[in-house]
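Subject: Structure for your review

Dear colleague,

Please find below the structure that I am handing over to you.

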Amino acid sequence: MTTQLKLIPGHKKELQAPPVLQVSKLSKVFKTGDGPMTVLQDVHFQVAEGEFLCVLGPSGCGKTTLLNVLAGFEKPSAGKALLEETPIMESGPDRCVVFQEDTLFPWLTVKENIAFGVKGLSKKEKREKTNHFLDLVGLTPFGDYLPREISGGMKKRVSLARVLILQPRILLMDEPFGALDAQTREEMQDLLLSLWNQFHHTIVFITHDIDEAVALADRILVMQKDPGMIAKEIRVRLSRPRERTESSFQDYCKALYQALKKPQP
Amino acid sequence: MTTQLKLIPGHKKELQAPPVLQVSKLSKVFKTGDGPMTVLQDVHFQVAEGEFLCVLGPSGCGKTTLLNVLAGFEKPSAGKALLEETPIMESGPDRCVVFQEDTLFPWLTVKENIAFGVKGLSKKEKREKTNHFLDLVGLTPFGDYLPREISGGMKKRVSLARVLILQPRILLMDEPFGALDAQTREEMQDLLLSLWNQFHHTIVFITHDIDEAVALADRILVMQKDPGMIAKEIRVRLSRPRERTESSFQDYCKALYQALKKPQP
Amino acid sequence: MKATQNLDAQDGFAMTFNKPNGWMNSFIPWILPALFFMGWFLVSRFEIIPAYLMPSPRQVGEAGVMYAFGTPGEGPYAGRFWVDAWVSCGRVLAGFSLAALFGIPLGVLSGRVDAMQKTLSTSINALRAVPGICWLPLAMVWFGIGYKTTLFLVALAAFFPIYINTAVGARQVSPLLFQAGAMLGVRRMNAVFSILLPGAMPSILAGLRLGLGISWAYLVLGELTGVPNGLGAVIMDARMLGRIDIIIVGIVLIALLGRTSDLLLSGVFRLCFKSARRLA
Amino acid sequence: MKATQNLDAQDGFAMTFNKPNGWMNSFIPWILPALFFMGWFLVSRFEIIPAYLMPSPRQVGEAGVMYAFGTPGEGPYAGRFWVDAWVSCGRVLAGFSLAALFGIPLGVLSGRVDAMQKTLSTSINALRAVPGICWLPLAMVWFGIGYKTTLFLVALAAFFPIYINTAVGARQVSPLLFQAGAMLGVRRMNAVFSILLPGAMPSILAGLRLGLGISWAYLVLGELTGVPNGLGAVIMDARMLGRIDIIIVGIVLIALLGRTSDLLLSGVFRLCFKSARRLA
Amino acid sequence: QEYKVGTWKTAQTIQPFYYQDYVPEGDQVDVFSFTNPADQKTALLAKSLDMCGATLAHAIHSASQGQPVVVVAALCNKCSALVVKKDGPIEKVEDLKGKRIGYVPGTMHEILLRETLTRRGLSPIKDVQLLRVDFFDMGTALAGGGIDAFLSGEPFPALAVDKGYGRILAYPYYGDAVGSINAGMLVRREAIEKNPDLVFSLVKAHAKATDYLNLHQDQWLKKASTFGTPLHILEKAAPNMEIAWDMDPDFVSRAKALGERMQALGVIQKQPDYDALFDLTFVNRLKDEGYPKP
Ligand SMILES: Nc1ncnc2c1ncn2[C@@H]1O[C@H](COP(=O)(O)OP(=O)(O)OP(=O)(O)O)[C@@H](O)[C@H]1O
Ligand SMILES: Nc1ncnc2c1ncn2[C@@H]1O[C@H](COP(=O)(O)OP(=O)(O)OP(=O)(O)O)[C@@H](O)[C@H]1O
Ligand SMILES: [Mg+2]
Ligand SMILES: [Mg+2]
């Protein structure tokens, strides 16, 4: 595991590092039966090394589409998406995605799903590493279950574990905790934060939950709909751990609530 | 439509009506490969005519199982579930369910899905009624789309519309808004409340979202896990419309937050 | 909001093609037959295989024209095509319908009722390996010679894929859909028609299409004995007399009829059933 | 947390059965054959159909014993079974493997590449309606008489269901799984083996099972000409001589071998592939 | 009265198609065509047919299995030929040593082939390689080089000659044994017992049709060509085809010789009762009635 830890350039965080991800004037137009449809328009932002960025927006505003471009699944129609100055062309294990939908491999057990992307380790190391991350997401008793035998919430945890195990530089997360109950969701948020503190991933986290965004993010991009654009950018200047009951927390929530409401007529 | 409105005994609400649903000492044990598994144990509660009851509990505590018993999909292992003194044997359009999973018929359009359960109306009446409820859930432009062509959130709205159109006495809702973004969720909550005011359904609403429970319910049952039991019952004595920012609202939230945390060691 | 089904576009595995336009679309399916034909033409043009073994396209064309448009008496098989095609279509349709009549209900039962599945599957899976020709002597004893035996053989062959695919399809319909139906007031048997069959439709249609193809393929066997005409009978006669040209005419005609009936079947189902139109 | 797959229990449509215990489970599949056998026994016991048309179980049994255990020369077919079964199994295996070798890759291509689908589907859908016997004269010209022709005919018949089912299965694998794979570092061609084939496995296995059944059924055709032995050859000889008892022995043996090979195929796949074991 | 008759669609088995002209006024003859004697016989036994054609080998085989069939008239004689590759090295039967020969086990033609070989001092087991090939595929196999020779019935030999790849090496008729007998008309025993007049009507029609066609060979071949074989091939084959109806004790003794060969080969286990299998009463009754008129 040590070899891989070296790959995570956590130390760079202190230096004023250049942005890891740069999105400039990005637009995405889909051809549909009813003609072209602009889903993203002139989206422009940067993500710094080790930053926790949340993208908050209503359903259908293009959050997943944006993520797909960053992940390399979709090409931009206009503008650029750069990973350290290089245009993003392909997906790969340096930019891991936790999908909104269930994308576990149904023919693999929980353990096998988690171990799927691990390469270049001995069998034993691989097993140990898998068990470690299985434990991290609290699924130790369910390692040999198949995806169809566990609940939706548990599936999400497996999805998280199978990318965390790759210790990617950049984590792209698409409403990963949307399907969890309030309590588990908070646990998972705490877990994610602790892992982030440990490994210094750069995280782009998509959510439609205001509380969640405030609890997690260094910075929040509020997206509007039709076409998908960034309506507002809010830097969350709260120390961690954050307390939901604090009034400063609530202030951020209210501000975001307003920001989300505004563009609607 | 008038004929069906008569069926809704909204006027009874004023009289001290007997409970519509009575659940007493209900247990449910599933046989699994690893032996029997007690999912529900000694669950005991009543629902009055026209009441809005929320069941709040963590993932996997047995909420869906409880609902399945009330809907008539599962038989209790012990104890009773009575609908107006009669044991619940079968499911039927008097107890409509909005499921947690997607259960739209994939070969029917949005409109056809909504009209599916409507019986005994002329074609024209049926069409008008369908359009009315399509409008109620804000999907008028999407009437001719297929389920696979609309988003997860929109599917939930269709699921709601297709049972609302039957104007059932009892609505059983299993985390219906869990998949919606914060804003749309609030809209839907408002919509549900306004419909409830209009038609006086008796509602059993399952959620894992504390805010949602407080915003909606007359009474909240907090469930605990392993085995599924009712840990606490809280009557929400707030006038409607309720404001999330009010401190009394927040007090209820905190109380529930505590109640959910407690049983865990 | 319409999310187009772009199976090939995004997944990084399948090659991405520019959507061919309409003209291309109706052209592409003919590439393979055209190539094949060219090969055949060249082979016979340069007499790589002697004509008595592999008749030339011209010979086959002439035999085909004679078969289709000759006046009866002008030569063997002259002008018989229309009657043959007509009766054969009738027999295929009848046999196929019979197979569907048994295959779909039994398949639905097997797919949904465990005990039924257990009772039938072993026997049916064993029987489907039995060569059709083995049944011919038995069918003649059971049904006499003629139409009924023909029907039985064609129906038997088509039964297996229809039954198997219907069972698979019926098994895959989600129990949640039945719950939803029950909750919306669909009562027991009704659920078969309003939920089970539509839900299993893609699989059922696939089974029917396979079955229809096999019906044509077994026509030869069905018309081997006791019926005076039909495409299958002509093919067997031609085989008996070593008329390879007529056999090739038969191949082409049955391939055409098979494909046409396949398109018709799909078309009719799409026309009649929402589920066939909208699923898969 | 294990949610058992209770397709039948909850849905209000399918009948609910108490799970039959192990003893019952292995008993039920034999009900139908037993009933059938009893009917046959009674029919011949009371001579409802004369024995020369429908041999009695005893006669067939004797013919079967002679075929399997007789010493060569003791009578026609005596003791030939073991050699016949051995060579026929070999031919079926070879033809079936050949069909899988072409059918699976072409099916995968057709399922995932639109242009491929367009190029192949019309031709293949047309050809699958062509009776197998039509290919016999052509196959003899192409491959000469003997093993190769046998192989071709068996493989051709098995090809269609394998190809079609693989294509359907490949088409249904969710593009999201490929995205997930790509994100986890699975590179292009690798995705075929680690995602596409496992995802399409239930459908592929169904196709292979159908194909294997058809391989057996077409053995008769494959062994009609040019090979000296084999179950198909025996059946055709028996047919030529009108030995219905031997034909019935053939039916039973091929049904048994077909079923056995079907179970073996499923078993081997379940053993070798997680996806076959764990998906439906 | 209705008659159902089965036959092959070949020139030498064509007579049933003419029965209609020779049955009593108002009677109806339905002719069903088959490709295989076993199918016809099964249909006969299942009472789907009143009479059908069958090779004598098949009739003997059926009778030896105890099936209640009776031959009541001859159908055709000759019709067989041993064919080799046109430009091949084989000039006489002896040259077949070491060659591959196509045959169908259990048939007339197998017996004739073995007879031919043995008479020329070749052992069918040691000296040649017999290869199972369906009759209909023999021509293709010979042309393609898969086999060096085959023995089968017309029109395949004539066809092979006409198409230019085949040459007739020998005709397998030997007067002192099986001779040139080939096929006969079969009925159920029960029909003879219960309804001899019906059988007689058919035999009579058969005889008249046969004689008519023998007199009008052009019509015979023209009709036969409608089955699919070109006329000029049939004309070449004609000398090797003999349609017939009469049976005499000599005919039966040749059949016995055939039966013996079959038993020696193991095709049948025991000899049938030839007196029961061949019923000459119908042809004799016909002759007693003064047919054919001189
Ligand atoms: N491949 C596609 N072709 C056409 N339209 C598409 C495609 N993918 C997405 N869209 C459309 O783009 C819009 C934005 O979709 P997207 O999935 O990015 O929204 P989202 O913000 O992720 O919503 P949600 O919160 O519901 O997941 C939607 O209207 C969707 O229908
Ligand atoms: N048919 C069944 N057989 C066996 N176990 C079952 C069955 N249905 C549910 N369970 C188990 O019962 C427990 C409760 O399940 P249930 O679906 O009722 O939970 P829930 O509260 O609805 O959870 P969630 O919030 O995730 O929907 C789970 O552990 C589940 O695995
Ligand atoms: Mg999304
Ligand atoms: Mg639930």
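Predicted model: local features only at pLDDT ≥ 70, side-chain atom pairs only at ≥ 80, totals over all residues.

**Which chains touch**

Eight pairs of chains touch, and the pair with the most contacts among them is that of chains C and D. Chain A and chain E are not joined by any contact, and their closest C-alpha atoms lie 49 Å apart. Chain B and chain E do not touch either, with 50 Å between their nearest C-alpha atoms.

**Chain C**

Chain C has twelve helices and zero strands. Its C-alpha trace spans about 70 × 60 × 30 Å along the principal axes. On the surface of this chain, Phe27(C), Ile31(C), Leu32(C), Leu35(C) and Met38(C) form a nonpolar patch, and together they have about 440 Å² of accessible area. Helix H2 of chain C gives the largest share of the patch, namely four residues; Leu32(C) is placed in this helix.

**The interface of chains C and D**

The size of an interface is often given as the accessible area lost when the parts come together. For chain C and chain D the buried area is about 6,900 Å², and carbon and sulfur atoms give 71% of it. The contact involves 72 residues of chain C and 71 residues of chain D.

The rule finds two salt bridges across this interface. In a salt bridge between the two chains, the side chain of Arg128(C) meets that of Asp262(D), at 3.6 Å from N to O.

On the side of chain C that touches chain D, the elements that give two or more residues are helices H2 (31–45), H5 (114–127), H6 (132–143), H7 (147–172), H8 (175–183), H9 (188–222), H10 (231–240) and H11 (244–272) of chain C. The largest share comes from H9(C), with twelve residues. By residue type, this side of chain C divides into 50 nonpolar, ten polar and twelve charged residues.

**The interface of chains C and E**

Between chain C and chain E the buried area is about 2,200 Å², of which 62% comes from carbon and sulfur atoms. Here the contact takes 23 residues from chain C and 29 residues from chain E. Of the area that chain C buries against chain E, 32% is supplied by Tyr52(C), Met240(C) and Leu241(C), more than by any other three residues.

Three salt bridges are found across the interface of chain C and chain E. Arg239(C) and Asp137(E) meet through their side chains in a salt bridge, with 2.6 Å from N to O. On the side of chain C that touches chain E, H6 and H10 of chain C each supply at least two residues. H6(C) gives the most, with four residues. This side of chain C divides into 15 nonpolar, four polar and four charged residues.

**Salt bridges over all chains**

Over all chains, the count by this rule comes to 58 salt bridges. The side chains of Glu51(A) and Arg219(A) form a salt bridge, at 2.6 Å from N to O. Glu51(A) lies in the loop between strands E2 (35–48) and E3 (52–56) of chain A, whereas Arg219(A) lies in strand E9 (residues 219–224) of chain A, so the pair ties together parts that are 168 residues apart in sequence.

**Backbone geometry**

Most residues other than glycine have a negative phi, and most peptide bonds are trans. The following residues may therefore be worth a look against that background.

- Asp226(B) and Pro227(B) are joined by a cis peptide bond, with omega about -5°. Pro227(B) lies in the loop between strand E9 (219–224) and strand E10 (229–235) of chain B.
- The peptide bond from Arg240(B) to Pro241(B) is also cis, with omega near -5°. Pro241(B) is placed in the loop between E10 and helix H8 (247–261) of chain B.
- Glu85(A), a residue other than glycine, has a positive phi, near 70°. Glu85(A) lies in the loop between strand E4 (78–83) and strand E5 (86–87) of chain A.

With kind regards

Conventions. Residues numbered from 1 in each chain as written. Chains lettered and ligands numbered in written order. Heavy atoms only, no water. Contact = heavy atoms within 4.5 Å. Buried area = accessible area lost by both parts, 1.4 Å probe. Salt bridge = Lys/Arg side-chain N within 4 Å of Asp/Glu carboxyl O. Nonpolar A, V, L, I, M, F, W, Y, C, P; charged D, E, K, R; others polar. Patch = residues over 30% accessible without salt bridge, like charges linked within 9 Å, V, L, I, M, F, W, Y side chains within 5 Å. Areas by Shrake-Rupley, 256 points an atom, 1.4 Å probe, with all protein chains shown as cover.
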